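Subject: Structure handover and what was found in it

Dear colleague,

I am passing on the structure below, together with an account of what was found in it. Please look through the sequence and the structure before reading on.

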Amino acid sequence: MTVEAKEAIEKAKYVLAFGRVSSSLKSIRYDFIQVNRVDDIIKYINIHNDLLLLASGDPNFYGIVDFLKKKGVLIKKVIPGISSFQYMMAKLEKSWQGANFLSLHGRDEGLEKVKKSYLTIILTDKENSPLVISRNLKMLGVKGTMYIGFNLSYDDEKIIKINIGEEVEDISALSVVVIENEMD
């Protein structure tokens, strides 16, 4: 979290937060409103003007910003934190210029794109887990290394390195997968 985000949380009259984010808010304030569904946000926005919405992930990469705009919500300001991509690549001490980005979090993008890039960074979900990705990449004939970051920045963070095709325990439904493709 950036200093700007922390200050916004402290100053806002009303703060909405999703479950995972709200659990990390308790050190800053207790009077936040926990929401469980994206549609619940609209209800609160129609009632309160001075509202701060906190969401995990990058708000502009398959995030909440596009959804709210499509619903006609006026967004006055977006305050990003550090994205899970940035965090993961910093932990790996690897450059990520030229990387291919995929979000499999709640959507199906083809893994065929991985074949065309040396470096791919993927957001996952329960159905598109690191284990599923590893198996599917092997079936596509992709060879290389997968780095999997679970629960990044939380106390139970875990980063695992495997070869594509190897089995891996899905520790958490949300993870970041970095693929180094051994391209011909």
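A salt bridge, as the term is used here, is a side-chain nitrogen of Lys or Arg within 4 Å of a carboxyl oxygen of Asp or Glu. By that definition the side chains of Lys91 and Glu157 meet in a salt bridge, because their N to O distance is 3.3 Å. This pair links distant parts of the chain, since Lys91 sits in helix α5 while Glu157 belongs to the loop between β6 (144-150) and β7 (158-163), 66 residues apart. Lys91 counts as partly exposed at 43% relative accessibility, and Glu157 is likewise partly exposed, at 24%. Please keep in mind throughout that this is a predicted model.

Salt bridges

A search of the whole structure finds 7 salt bridges, and two others deserve a description here. Lys77 forms one with Glu4, where the closest N and O atoms are 2.8 Å apart. That pair again links distant parts of the chain, with Lys77 in the loop between α4 (64-70) and α5 (84-92) and Glu4 in helix α1 (residues 3-11), 73 residues apart. Lys77 is exposed, its relative accessible area being 58%, whereas Glu4 is partly exposed at 38%. The other joins the side chains of Glu167 and Arg135, at 2.8 Å from N to O. Arg135, with 41% relative accessibility, counts as partly exposed.

Strands and sheets

An open sheet is formed by 3 strands in the order β2-β1-β3, and their pairing is parallel. Its edge strands are β2 (33-35) and β3 (51-54), each of which pairs on one side only. On average, neighbouring strands of this sheet are turned by 25° against each other, direction ignored. Strand β1 (residues 14-18) is joined to β2 by 3 bridges, the two running parallel, and Ala17 has Gln34 as its bridge partner in β2.

Elsewhere, strand β6 pairs in the antiparallel sense with β8 over 7 bridges, and it is also joined to β7 by 6 bridges, again running antiparallel. For individual positions, Met146 has Ile179 as its bridge partner in β8, while Thr145 has Asn163 as its bridge partner in β7. In β6, 7 of the 7 residues are buried, so this strand is largely enclosed by the rest of the structure.

In soluble globular proteins, nonpolar side chains tend to be buried together. Here the largest nonpolar core has 18 residues, and those with the most contacts inside it are Leu111, Val114, Ile122, Ile133, Leu137, Met146 and Ile179. At least two residues of this core come from each of α6, β6, β7 and β8. If its neighbours within four places in sequence are left aside, Met146 is in contact with a set of residues including Pro130, Ile133, Leu137, Ile160, Ile162, Val177 and Ile179. Apart from this core lies another, of 12 residues, among them Phe85, Met88, Leu92 and Ala99.

Aromatic rings

The structure holds 4 aromatic pairs. The rings of Phe61 and Phe101 have their centres 6.2 Å apart and their planes at 70°, so this pair is edge-to-face. Phe61 lies in the loop between β3 and α4 and Phe101 in strand β4 (residues 100-103), so the pair ties together parts that are 40 residues apart in sequence. Phe85 is buried, its relative accessible area being 8%. Ring pairs link Phe61, Phe85, Trp96 and Phe101 into a cluster.

With best wishes

Technical notes. Residues are numbered from 1 along each chain as its sequence is written. This is a predicted model: local features need pLDDT of at least 70, side-chain atom pairs count only at pLDDT 80 or more; totals for chains, interfaces and linings use all residues. Side-chain values use heavy atoms; hydrogens and water are left out. Helices (H or I, at least four residues) and strands (E, at least two) are DSSP runs, numbered from the N terminus. Buried means under 20% relative accessible area, exposed over 50%, partly exposed in between (1.4 Å probe, protein chains only). Two strands pair if DSSP finds at least two bridges between them. Axes are lines fitted to C-alpha atoms, for helices over the stretch in contact, and angles run from 0 to 180 degrees between N-to-C directions. A nonpolar core is a set of buried Ala, Val, Leu, Ile, Met, Phe, Trp, Tyr and Cys residues joined through side-chain atoms within 4.5 Å. Contact means heavy atoms within 4.5 Å. Rings of Phe, Tyr and Trp (its six-membered ring) pair if their centres lie within 6.5 Å; planes under 30 degrees apart count as stacked, over 60 as edge-to-face and the rest as tilted.
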